[in-house]
Amino acid sequence: MIQAPLLGQGVALGWLNVVSHWLCIGALVPATRTGWLCHFVNARGRELSPQATRVRDWLIAELRGEALQVGRKYPTLGIEPLLHMGKAG
């Protein structure tokens, strides 16, 4: 999906969690801002297993870290305020 833009031969739409690495290193640049929210869901009425909770928490930490880097590199995207949504404290 992002091969053509990486080679300078096109543009692509991409979720932040897919393109954040390339944005962080400057291989891709944002063209516009769309919705940024990612939702982790599980079956209603069922607790997550400890393993699933650890994986979920790891994914959230990774996505927040990369999103923070992208937000600092491209402040006009307005990513940083979104990183605090749904976060306690």
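Trainee: Why is Met-1 called exposed?

Mentor: This is a predicted model, and in it Met-1 has a relative accessible area of 59%. Exposed means over 50%, so Met-1 qualifies with its 59%. Met-1 sits in the segment before helix H1 (3-6).

Trainee: What makes the nonpolar surface patch that Met-1 belongs to?

Mentor: Met-1, Trp-15 and Val-18 make it, and the patch covers about 360 Å².

Trainee: Okay, on to charges. How do you know that Asp-57 and Arg-56 form a salt bridge?

Mentor: Their side chains meet at 2.9 Å, N to O. The cut-off is 4 Å between a side-chain nitrogen of Lys or Arg and a carboxyl oxygen of Asp or Glu, so this pair counts. As a rule, side chains of opposite charge can pair when their charged atoms come close. A search of the whole structure turns up 1 salt bridge.

Trainee: And why is Asp-57 called partly exposed?

Mentor: Its relative accessibility is 38%. Buried is under 20% and exposed is over 50%, so Asp-57 falls in between. Arg-56 has 29%, so Arg-56 is partly exposed by that reasoning too.

Trainee: How do you know that the length of helix H3 agrees with what it should span?

Mentor: H3 runs over residues 50-73, which is 24 residues. At 1.5 Å a residue, H3 should span 34 Å, and its end C-alpha atoms are 35 Å apart, so the two agree. The count behind that expected span is one less than the number of residues.

Trainee: Which residues of H3 are buried, and what covers them?

Mentor: Ala-67, Val-70 and Gly-71 are buried in H3. Helix H2 (16-24) is included in what covers the buried residues of H3.

Trainee: What makes up the largest nonpolar core?

Mentor: It has 12 residues in all, among them Leu-16, Val-19, Ala-67, Val-70 and Leu-83. H2 and H3 are the elements that give two or more residues to this core, and H2 gives the most, with 4 residues. In soluble globular proteins, nonpolar side chains tend to be buried together.

Trainee: What does Ala-67 touch, leaving out residues up to four places away in sequence?

Mentor: Ala-67 touches Leu-16, Ile-79 and Leu-83. Contact means heavy atoms within 4.5 Å.

Trainee: Last one: how many helices and strands are there?

Mentor: There are 3 helices and 0 strands, running α-α-α from the N terminus on. Buried residues make up 18% of the 89 residues.

Key
Residues numbered from 1 in each chain as written. Predicted model: local features only at pLDDT ≥ 70, side-chain atom pairs only at ≥ 80, totals over all residues. Heavy atoms only, no water. Patch = residues over 30% accessible without salt bridge, like charges linked within 9 Å, V, L, I, M, F, W, Y side chains within 5 Å. Areas by Shrake-Rupley, 256 points an atom, 1.4 Å probe, with all protein chains shown as cover. Buried < 20%, exposed > 50% of the residue type's maximum accessible area, 1.4 Å probe, protein only. Core = buried A, V, L, I, M, F, W, Y, C linked by side-chain atoms within 4.5 Å.
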